[in-house]
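Please brief me on this model.

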Amino acid sequence: MNNDFIVITTIRLTRMIVKIIIAGMVPLHHSFPTQWQLSISHASVLFTATVLTLLLAPTPINCWRPWPHLKPNSSDLLYDSSKKYEGSSEFVHLRYHMGPVLTGNITVHIIWYGRWEKPQKKIIREFINSISAVNARPPSVSGWWRTVQLYTDQTGANISHTVQLGQEKNDRFYSHGKSLTRLSIQSVIKSAVTAKSKPLPTNPRNGLYLLLTSADVYVQDFCGQVCGFHYFTFPSIVGYTLPYAWVGNSAKLCPGVCAYPFSVPKYIPGLKALKSPNSDVGVDGMISVIAHEIAELATNPLVNAWYAGQDPSYPVEIADLCEGIYGTGGGGSYTGQMLMDHDGSTFNMHGIRRKYLVQWVWNHFKNYCSGPNALDQ
């Protein structure tokens, strides 16, 4: 066993001890399921079996997810890091809260904030254009989007099949500085939709606004809590209620946090980073975050449609439930089975011309995480 496995196993065993002790003492009304209310004697048997299972398990390779950017709406706060999402869903209660979803053709307008190279823009543009592609080789990005399409509004209308790239706006001179807050992000969007020269169109019904910050820009909570987020603009700031998402390029600030597994945190020694499919660690890491946010914008644009949990201020959404899962067997800290290209790069989906690594999303019919590269499909 390597040192990483021993450390992680120790952490898991500690958590198991705490759970077992609590299980023997806490009454039912403390929200523990009945099966967790064990006597101390039964708990010791369970603990022994768990120890043997963990210690005899083979050492995993390239699969430990560092969980560095926990956030209030993360499913990790509901289930802890030893959960296995795929096929274990009795605790997930994703519900529809009667709000609108994006059933019309979806147009993604991009704001490029900071300095972006042409090849970087091309990788991201091709990913967005791949969402609705019909001729991509399976497993495909469009196959991934079909799970998102399963979600409906109160009339029964499904999320749109069509996701298209709209207009773009360049803000290469950092009009609001190189350190942005969540509110100043809305000011950047306002500048883009009210610009005197080529403003972005305002389409509150089916337009999504994707603000992408370059590697030298810091955003509030970036790296420590989030790699991206979505919300809607406030009319008092922007003049309109527009669904938007922000995603940052983590290449300089925290690639081990937001571009994992193409970069690994320094606090996990011995873990080798995987080769990214488009030879740009920062942008390849952004792709999965962009996919995450677009899927949640489509199903929960005003934060009152599809989510789990009781508090709409911190909703657990369809991508939150599958964060860090890229293939069959994924769950907890295991990424799942992925694909390797001829050049040694790792991916799990084909786009129109490129390959990408994209996290899975929650399938509310099957009640588990789903992706086009699943081995049982």
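P139 sits in the loop between α4 and α5. The peptide bond from P138 to P139 is cis, with omega near -5°. Helices (H or I, at least four residues) and strands (E, at least two) are DSSP runs, numbered from the N terminus. This is a predicted model: local features need pLDDT of at least 70, side-chain atom pairs count only at pLDDT 80 or more, and totals for chains, interfaces and linings use all residues. Residues are numbered from 1 along each chain as its sequence is written, and side-chain values use heavy atoms, with hydrogens and water left out.

**Other backbone features**

- A cis peptide bond also runs from Y260 to P261, with omega near 10°. P261 lies in the loop between α7 (255-258) and α8.
- D221 is not a glycine, yet has a positive phi of about 75°. D221 belongs to the loop between β6 (218-219) and β7 (228-232).
- V303, also a residue other than glycine, has a positive phi near 60°. V303 is in the loop between α8 and β9 (306-308).
- V303 counts as buried because its relative accessibility is 10%. Buried means under 20% relative accessible area, exposed over 50%, and partly exposed in between (1.4 Å probe, protein chains only).

**α4 against α8**

- Two packed helices are described by the angle between their axes and the distance between the axes.
- Helix α4 (residues 118-130) packs on α8 at an angle of about 30°, with the axes 10 Å apart. α4 is therefore roughly parallel to α8.
- Axes are lines fitted to C-alpha atoms, for helices over the stretch in contact, and angles run from 0 to 180 degrees between N-to-C directions. Angles under 35 degrees count as roughly parallel, over 145 as roughly antiparallel, 65 to 115 as roughly perpendicular and the rest as oblique.
- The crossing of α4 and α8 is right-handed. A crossing is right-handed if the near helix is turned clockwise from the far one by less than a right angle, and left-handed if anticlockwise.
- α4 contributes Q120, I123, I124 and F127 to the contact, and α8 contributes V283, M286, I287, I290 and A291. Contact means heavy atoms within 4.5 Å.
- By class, the contact of α4 with α8 has 8 nonpolar residues, 1 polar and no charged. Ala, Val, Leu, Ile, Met, Phe, Trp, Tyr, Cys and Pro count as nonpolar, Asp, Glu, Lys and Arg as charged, and the others, Gly among them, as polar.

**α5 against α8**

- The axes of α5 (residues 141-149) and α8 (residues 281-299) come within 10 Å and cross at roughly 30°. α5 is therefore roughly parallel to α8.
- This crossing of α5 and α8 is right-handed too.
- From α5, W144, W145 and V148 meet A291, I294, A295, A298 and T299 of α8. The contact of α5 with α8 divides into 7 nonpolar residues, 1 polar and no charged.
- α5 is mostly covered, with 8 of its 9 residues buried. Among them are W144, W145 and V148.

**Nonpolar core**

- The largest nonpolar core has 80 residues. α8 gives the most to this core, with 10 residues.
- A nonpolar core is a set of buried Ala, Val, Leu, Ile, Met, Phe, Trp, Tyr and Cys residues joined through side-chain atoms within 4.5 Å.
- I124, F127, W145 and L212 have the most contacts inside the core.
- Leaving aside neighbours within four places in sequence, I124 is in contact with I110, W112, W116, L212, V283, M286, I287 and I290.
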